[in-house]
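Welcome, and please open the model in your viewer. We will walk through it one selection at a time.

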Amino acid sequence: MACLLETPIRMSVLSEVTASSRHYVDRLFDPDPQKVLQGVIDMKNAVIGNNKQKANLIVLGAVPRLLYLLQQETSSTELKTECAVVLGSLAMGTENNVKSLLDCHIIPALLQGLLSPDLKFIEACLRCLRTIFTSPVTPEELLYTDATVIPHLMALLSRSRYTQEYICQIFSHCCKGPDHQTILFNHGAVQNIAHLLTSVSYKVRMQALKCFSVLAFENPQVSMTLVNVLVDGELLPQIFVKMLQRDKPIEMQLTSAKCLTYMCRAGAIRTDDSCIVLKTLPCLVRMCSKERLLEERVEGAETLAYLIEPDVELQRIASITDHLIAMLADYFKYPSSVSAITDIKRLDHDLKHAHELRQAAFKLYASLGANDEDIRKKIIETENMMDRIVTGLSESSVKVRLAAVRCLHSLSRSVQQLRTSFQDHAVWKPLMKVLQNAPDEILVVASSMLCNLLLEFSPSKEPILESGAVELLCGLTQSENPALRVNGIWALMNMAFQAEQKIKADILRSLSTEQLFRLLSDSDLNVLMKTLGLLRNLLSTRPHIDKIMSTHGKQIMQAVTLILEGEHNIEVKEQTLCILANIADGTTAKELIMTNDDILQKIKYYMGHSHVKLQLAAMFCISNLVWNEEEGSQERQDKLRDMGIVDILHKLSQSPDSNLCDKAKMALQQYLA
């Protein structure tokens, strides 16, 4: 029955559409070209600002006909131009309109139109292309499908101020990532666009500026080139500095600051250059003030966060500029309380930007507090800040949650704060909740922060252990994402440091020896190093060493042998020899070394290695094995003497390295005692 009812409903909707709009489409098929032209002009006037009319005409099939007329050689240039104008107007409607236009293959038709000699037609095609490419539903790749398009667009830049404005706008919207940057750069984007920064048209200057910001982002090649470009005898960075002066429009100030920020982050401008310290940074701080629009405050804070992220000095300067830390607290006061119904538009606007403001504030606080203890203290002492961050961990927006976790992670680098504010607000509780079910990008930062909360001086360590952290972290070590594997094993390493036997046993049981050895053969060097660190922490204090080696000794010795024989760097082998030194410190465990001639030969080999670090680590093993206060020391000393270890010790006691020399003399004393 449902199927039978559907048809009349559709018919009635269509008949309503037909009645109001059909005649516009019918006129496009008139045999008289003059009537067709008038029909297109009337259609243009009918659709301006009327989304319903636009949708009706698309449903009635106006688009394929308009595209046909636009591409017909017999169509007059005026008709083609009017068709491009109407198509541009249709594209300015809803996203569904743009999808319909894309389905009709509008882009190749418009790109073909750019080959026309007529400037007005070219401008109409570019205006329509601009509207389509700036829509979020249009794939940027469509601009790069045909290799002849970019060079042709570069050539059209000189035709008029409209071609300059539209082409720059198309480039800035369609340049997403290094591949696109390279294509545009290789086709002379820098040289072709640079002179547009001095255009008499504000719109052209602005679009050219936006082009440079997307070209320079995380791109050292482009940024290094921009630094040396001259326009009318002036270097590009100097032009950008002029454009971020207070008397310039805010949009221009912000975009210029972005260009200089991206060039600085790409290594083309030093962080202590006056154009960064005295111009760019203060401009971005200004953008965070209450006087600015909410969207400007978001962009200002996010750009500033990116600028200062890697540089301690810039973080310090920013933190004392215009009371920035207190100023950012205001970002959390949206939506503002409204009493009158007349404020409903304001409320809607505030709601729309509220989560973006919180995200931006968290990002900037994270950058500000990345290194300096005093700045972290100031941030945490800002009104209700810890409560706000904790609330941010459970926000519905993934971006806000991620920014809140990043902010907490930055603050968790402080020993003082881990012991005080983090404990007072029981930060570990919401963090453990975040770790239960979150996208990878949040998990990476949250698990990294958990590593800090599990350091031995952190009061949160105990409750985290009690809340099932071991299983959670062991699960992370099995992730396909190497960053999560590193953080999982790192947190376990911190957890095992000076831990009780029960915790160590829990870790080994939950992790399983199979997984432990998979991690020891992981292709990611960080995973391998942290796994060796975990083993070293597990194998500390004699009773623990003996207990673990009695149950897992065979596999551990096997793993140690494989690593010492493998193609690993100095740090990996040093850690592995330190694990052997810990095993040699056990009461019963040391017999696993003494009865393994292969391992003993490897220790002997590393005593004579060219790298002092490895010699020292091997010396620790020998010292623990020959220590004469322990049972069986005489037999061990005799066996090692027979292997030629004493001769090596005599040789090392003459070493120019004082550490190595002292260790060798100490070991020799055990033989004399």
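**Before you start.** This is a predicted model, in which local features need pLDDT of at least 70, side-chain atom pairs count only at pLDDT 80 or more, and totals for chains, interfaces and linings use all residues. Residues are numbered from 1 along each chain as its sequence is written, and side-chain values use heavy atoms, with hydrogens and water left out.

**Colour by confidence.** pLDDT is the predictor's confidence in each residue, from 0 to 100. Its mean over the protein chain is 92, and 95% of the residues reach 70 or more. Now select residues 1-15: here the pLDDT is below 50, and the stretch has one contact (heavy atoms within 4.5 Å) beyond near neighbours in sequence.

Helices (H or I, at least four residues) and strands (E, at least two) are DSSP runs, numbered from the N terminus.

**Select H8 (119-133) and H10 (161-174).** Their axes come within 9 Å and cross at roughly 25°. Axes are lines fitted to C-alpha atoms, for helices over the stretch in contact, and angles run from 0 to 180 degrees between N-to-C directions. H8 and H10 are therefore roughly parallel (angles under 35 degrees; over 145 is roughly antiparallel, 65 to 115 roughly perpendicular, and the rest oblique). Show side chains: Leu119, Ile122 and Phe133 are among the H8 residues in the contact, and Tyr162, Ile170 and Cys174 are among those of H10. This contact has ten nonpolar, three polar and four charged residues (Ala, Val, Leu, Ile, Met, Phe, Trp, Tyr, Cys and Pro count as nonpolar, Asp, Glu, Lys and Arg as charged, and the others, Gly among them, as polar).

**Select H23 (385-392) and H24 (398-411).** These axes lie 8 Å apart at an angle of about 135°, which makes H23 oblique to H24. Met386, Ile389 and Gly392 of H23 meet H24 residues including Val400, Arg401 and Leu411. Seven nonpolar, one polar and one charged residue make up the contact.

**Finish at H35 (542-565) and H36 (570-584).** How far apart are their axes? The axes are 11 Å apart, and the helices pack at about 150°, so H35 is roughly antiparallel to H36. Look for Ile545 and Leu564 among the H35 contact residues, and Lys573 and Ile583 among those of H36. By class, twelve are nonpolar, two polar and one charged.
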